[in-house]
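Here's a quick briefing for anyone meeting this structure for the first time. Have a look at it, then read on for a tour by topic.

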Amino acid sequence: MHDIKAIRDNPDLYEKAWSAKGRSGVVAELLALDERVRAAQTELQSAQSRRNDLSKQIGQAKGRKDEAEAARLMAEVETLKGVLETQGTVERDTGEALRDLLAGLPNIPAPDVPSGADETDNQEVRRWGEPFAIAAPKDHTDLGEGLGLMDFEAAARMSGARFVVLKGQLARLERALGQFMLDLQTREHGYLEVSPPLLVRDEAVFGTGQLPKFAEDLFHTEDGRWLIPTAEVSLTNLVREQITPSEELPLRLTALTHCFRSEAGASGRDTRGMIRQHQFQKVELVSITTPDQSEAEHERMVECAEAVLKALELPFRTMLLCSGDMGFSARKTYDLEVWIPSEGRYREISSCSNCGDFQARRMNARTRAAGEKGTRFVHTLNGSGLAVGRTLVAILENYQDENGAVAVPQALHPYMGGLTRIGGAA
């Protein structure tokens with residue numbers, strides 16, 4: 001959510017940012033609504049002040065036994081009631097229209113975010129590791145099915161497309177990955193592990209920006225709740241409607257949860273395999289900071305996500321997203337892209353975003369330093385550390401051999417009960 005005063009003070013900044021996302025002219029629309037709301041508020045205040053004055057004068061007239069003057073003043077009060085009712089309706093309806101319009105507008109990019117329309121304008125920041133030299137690499141679907149441990153047909157019979165059943169050693173590898181990622185983030189990077197709800201109310205998904213614009217991307221239950229698309233929703237909403245002491249920030253939270261996405265906008269994309277599914281596991285990282293901490297915390301979060309790929313010895317690159325490729329709530333985003341041999345390219349495996357105070361305004365999440373009377377909105381950040389399914393894909397493809405067996409990365413050996421290969425001798 002945006003501060004209308006900030007838009008009023010710097011309309012050109014917002015117009016430029018939103019025009020780049022196809023919303024040219026929306027600032028003029030916002031300011032026109034804002035002017036109507038403020039005009040109605042002025043009329044209301046004037047009418048209320050006049051009514052208060054008239055009430056005193058009526059009492060005085062009656063005290064003087066001047067019934068004619070009292071009747072005249074009372075008639076004016078009746079007229080003012082109509083003004084109050086009319087202007088109250090204008091303020092309420094126009095204010096609601098203004099809030100609805102603001103709620104549907106994305107965050108604006110930070111000054112150092114490159115301009116661009118789509119992923120082709122993203123900038124590579126760095127890369128780590130060399131792509132594995134694999135002759136005629138198989139994709140993860142062929143590998144998993146060849147091992148007899150990945151079953152898309154059984155999943156489709158019970159659930160439809162974009163689901164998978166993992167069995168045996170692959171199911172254990174998925175579990176190992178989630179535990180390894182959690183341990184790394186909690187033991188080495190200071191994140192607090194949380195086990196949050198997977199079902200949330202409207203207010204929670206509005207707070208993190210999925211509602212109202214992206215309702216079709218979510219799964220909705222019959223009792224009015226939403227299945228979380230990411231633990232970002234649950235973790236970030238822990239501070240909704242709260243004032244967190246500044247001395248307790250940054251607050252670093254992590255969770256391993258199932259995530260649920262309808263993939264409504266992904267028709268025809270990645271229909272084969274595990275890259276894009278309706279249900280998957282992910283370790284989420286969330287930081288709640290003061291405004292002055294968020295930029296440094298963002299860089300730190302990216303390093304925490306990168307550490308997982310480095311520990312698993314998976315080649316990757318870090319990309320700074322351009323303005324046109326960022327998500328709705330993000331002010332600045334880095335994507336981590338892991339090497340996928342069968343495709344001969346890097347694919348997104350983590351997205352780490354600084355949302356500034358955008359989500360905090362929607363959740364009314366504030367902070368206050370000791371000894372201060374006023375409060376400030378917190379800054380919120382989120383990132384994947386990592387998407388478990390996509391990490392499993394990357395391991396299968398990068399650690400495969402010519403016989404279709406898969407080596408287990410050394411960092412996961414303690415989590416695999418001594419198993420060092422899948423589909424081969426341990």
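Which residue in S10 is the bridge partner of Leu251? That partner is Ile288, and we'll come back to its strand below. First, some ground rules: this is a predicted model, where local features need pLDDT of at least 70, side-chain atom pairs count only at pLDDT 80 or more, and totals for chains, interfaces and linings use all residues. Residues are numbered from 1 along each chain as its sequence is written, and side-chain values use heavy atoms, with hydrogens and water left out.

**Strand S10 and its partners**

- Strand S9 (residues 251-260) pairs with S10 in the antiparallel sense, over 10 bridges (two strands pair if DSSP finds at least two bridges between them).
- S10 also pairs with strand S16 (residues 379-387), again in the antiparallel sense, over seven bridges.
- Across that pairing, Glu284 stands opposite Ser384 in S16.

- S5 and strand S7 (residues 226-227) are joined antiparallel by two bridges, and Leu199 stands opposite Leu227 in S7.
- Another open sheet of three strands runs in the order S8-S14-S15, and its pairing is mixed.
- Here the edge strands are S8 (243-245) and S15 (376-377); each has a single partner strand, so one side of each is left without a neighbour in the sheet.
- Strand S14 (residues 366-368) and S15 run antiparallel and are joined by two bridges, with Thr367 opposite Arg376 in S15.

**Helices H2 and H3**

- Two packed helices are described by the angle between their axes and the distance between the axes.
- Helix H2 (residues 11-19) and helix H3 (residues 26-63) have axes that come within 8 Å and cross at roughly 135 degrees (axes are lines fitted to C-alpha atoms, for helices over the stretch in contact, and angles run from 0 to 180 degrees between N-to-C directions).
- H2 and H3 are therefore oblique to each other (under 35 degrees counts as roughly parallel, over 145 as roughly antiparallel, 65 to 115 as roughly perpendicular, and the rest as oblique).
- Pro11, Tyr14, Glu15 and Trp18 in H2 meet Val26, Val27, Leu30 and Leu31 in H3 (contact means heavy atoms within 4.5 Å).
- Sorted by class, this contact has seven nonpolar residues, no polar ones and one charged (Ala, Val, Leu, Ile, Met, Phe, Trp, Tyr, Cys and Pro count as nonpolar, Asp, Glu, Lys and Arg as charged, and the others, Gly among them, as polar).

**Helix H6, a helix with two sides**

- Phe152, Ala154 and Ala155 are buried in helix H6 (residues 152-159).
- Viewed down the axis of H6, the buried residues fall within an arc of 160 degrees, so they line one face of the helix (the arc is that of the directions from the helix axis to the C-beta atoms).
- Glu153 and Arg157 are exposed on the other side of H6.
- The buried residues of H6 pack against helix H5 (140-146), strand S2 (150-151) and strand S3 (165-166).

- A cis peptide bond links Leu211 and Pro212, with omega about 5 degrees; Pro212 sits in the loop between helix H8 (202-207) and S6.
- The peptide bond from Gly385 to Leu386 is cis too, with omega near 20 degrees, and Leu386 lies in strand S16.
- Ala136 has a positive phi, near 50 degrees, in the loop between strand S1 (123-128) and H5; Ala136 counts as exposed, at 71% relative accessibility.
- Arg162 has a positive phi as well, near 65 degrees, in the loop between H6 and S3, but Arg162 is buried at 12% relative accessible area.

**Glu306, a buried charged residue**

- Glu306 is part of helix H10 (residues 294-311) and is buried, with a relative accessible area of 4%.
- Leaving out residues up to four places away in sequence, Glu306 touches Arg126, Phe316, Thr318 and Leu336.
- The C-alpha atoms of Glu306 and Gly385 are 8.0 Å apart, though the two are 79 residues apart along the chain.

How values were computed
Helices (H or I, at least four residues) and strands (E, at least two) are DSSP runs, numbered from the N terminus. Buried means under 20% relative accessible area, exposed over 50%, partly exposed in between (1.4 Å probe, protein chains only).
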